[in-house]
Amino acid sequence: MELSITISDVRSPGAPIVFQGDLTAQIRKAQRLGFSQVELHVRDPKGLDLGSLVQALEGTSLQVSTLGTGQAYTLDGLSFACSDAAVRAEAVKRIKAHIQLAQILGAKVIIGTIKGRLGSAAEGRQAAYRHVVDSLRCCLEEAERCGVQLCVEAINRYEADFLNTAAEAVSFIEQFGSKQVGLLLDTFHMNIEEACLMGPIRQYAEYLFHVHLADSNRLAPGWGHLDFPSLLRELSAAGYRGSLGLEYLPLPSPEESAGQGVTYLRRLPQG
Ligand code: LER
Ligand code: MN
């Protein structure tokens, strides 16, 4: 089981990123706690000290599973759905930079909140949806050139106004007809949107590129009421051999929540 812990050099209060702040210190902590991977949330690759990052990783056996991109939306207001063409162009440019960074690090790139919002008016929604498809198509050209996989995340209705369920995300993904675009399932969002956690895993296994684990209350697994033993069995039965990204609120503290996640999950039977 590849357990990946969410980290970021940019502090985002309220975000479900476990370790925030100095990357070298976080990478050391992740290694000490027994993680095999990190999920690195990057606001703008231009602002990242790649040399220090690579140096910090070299001293460990950690790999970078995934790059999170949501800070480009939450902190900089960039999105694929935006009605302003200049903002969309900036969003595409930013994600292409994430893709180039992912190529260097051997990571996948998450397409989550960067999709943006479609709004409530029917006509506006159609136009915004087309903008999302067009923007992702531009990013996909770069992803195919770089051999990087893009993970489209289904996000619950309170945080996103489209692609809330696995079924919606998969029909969105299918229109690109590319093996470089797949699905990211997050147990926190699934608990809100899906009738059951297991069905989509079984049904959409062939699309599944990445998984985010958080409990029902977005705390570490084991501190809410989700059935992680069954979930891990289902993922294994579905042939999922990818990474499990621990993406949840760093409460009561980053160290305690990271420790709980790794200890609890490593104790579970793995199918
Ligand atoms: C991002 O992976 C995610 O799950 C969003 O809900 C960000 O809060
Ligand atoms: Mn997530």
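This is a predicted model: local features need pLDDT of at least 70, side-chain atom pairs count only at pLDDT 80 or more; totals for chains, interfaces and linings use all residues.
1. For comparison, ideal angles for six octahedral donors are 90 or 180 degrees.

2. Are E153 and D186 buried or exposed? Both are buried.

3. Searching the whole structure turns up four aromatic pairs. One of them is Y129 with F162, an edge-to-face pair with 6.3 Å centre to centre and 75 degrees between the planes. Y129 belongs to helix α5 (residues 122-146), while F162 is in the loop between β6 and α6 (166-174), so the pair joins parts 33 residues apart in sequence. Y129 also pairs with F172: the ring centres are 6.0 Å apart and the planes are at 80 degrees, so this pair is edge-to-face too. Here helix α5 meets helix α6, since F172 lies in α6, and the parts tied together are 43 residues apart in sequence.

4. Ring pairs link Y129, F162, F172 and F176 into a cluster. Y129 is partly exposed, at 29% relative accessible area. F162 counts as buried at 5% relative accessibility, and F172 is buried with a relative accessible area of 1%.

5. **The nonpolar core.** The largest nonpolar core has 83 residues, and the members that touch the most others are I5, L40, L67, F80 and L183. Which helix gives the most to this core? That is α5, with eight residues. For a closer look at one member, take L183: leaving aside neighbours within four places in sequence, its contacts include V152, A166, A169, V170 and I173, along with Y204, Y207, L208, F209 and H210.

6. **Helix α10.** This helix covers residues 254-267, which makes 14 residues, and it reaches 20 Å from its first C-alpha to its last, close to the 20 Å expected at 1.5 Å a residue. Its buried residues are S257, A258, G259, Q260, G261, V262 and L265. What covers them includes the strands β1 (2-8), β2 (19-20), β8 (208-213) and β9 (243-246), and the helices α1 (23-33) and α9 (228-237).

7. **A buried arginine.** R94 is in helix α4 (residues 85-105), and it is buried, with a relative accessible area of 11%. Not counting residues up to four places away in sequence, R94 touches R43, D44, P45, A72, D76 and L78. With R43, the C-alpha to C-alpha distance is 8.9 Å, across 51 residues of sequence.

8. **A buried loop leucine.** L48 is in the loop between β3 (37-41) and α2 (50-58), and at 11% relative accessibility it counts as buried. Beyond residues up to four places away in sequence, L48 touches D9, L23, L40, L53 and L101.

9. **Backbone spots to check.** Most residues other than glycine have a negative phi, and most peptide bonds are trans. Against that background, L251 and P252 are joined by a cis peptide bond, with omega about 0 degrees. P252 has its place in the loop between β9 and α10. L163 has a positive phi of about 50 degrees although it is not a glycine; it is found in the loop between β6 and α6 and counts as buried at 6% relative accessibility. R218 likewise has a positive phi, near 60 degrees. R218 is in the loop between β8 and α9 and is buried, with a relative accessible area of 9%.

Methods:
Residues are numbered from 1 along each chain as its sequence is written. Chains are lettered from A and ligands numbered from 1 in the order in which they are written. Side-chain values use heavy atoms; hydrogens and water are left out. Buried means under 20% relative accessible area, exposed over 50%, partly exposed in between (1.4 Å probe, protein chains only). Helices (H or I, at least four residues) and strands (E, at least two) are DSSP runs, numbered from the N terminus. The expected span of a helix is 1.5 Å times one less than its number of residues. Contact means heavy atoms within 4.5 Å. Rings of Phe, Tyr and Trp (its six-membered ring) pair if their centres lie within 6.5 Å; planes under 30 degrees apart count as stacked, over 60 as edge-to-face and the rest as tilted. A nonpolar core is a set of buried Ala, Val, Leu, Ile, Met, Phe, Trp, Tyr and Cys residues joined through side-chain atoms within 4.5 Å.
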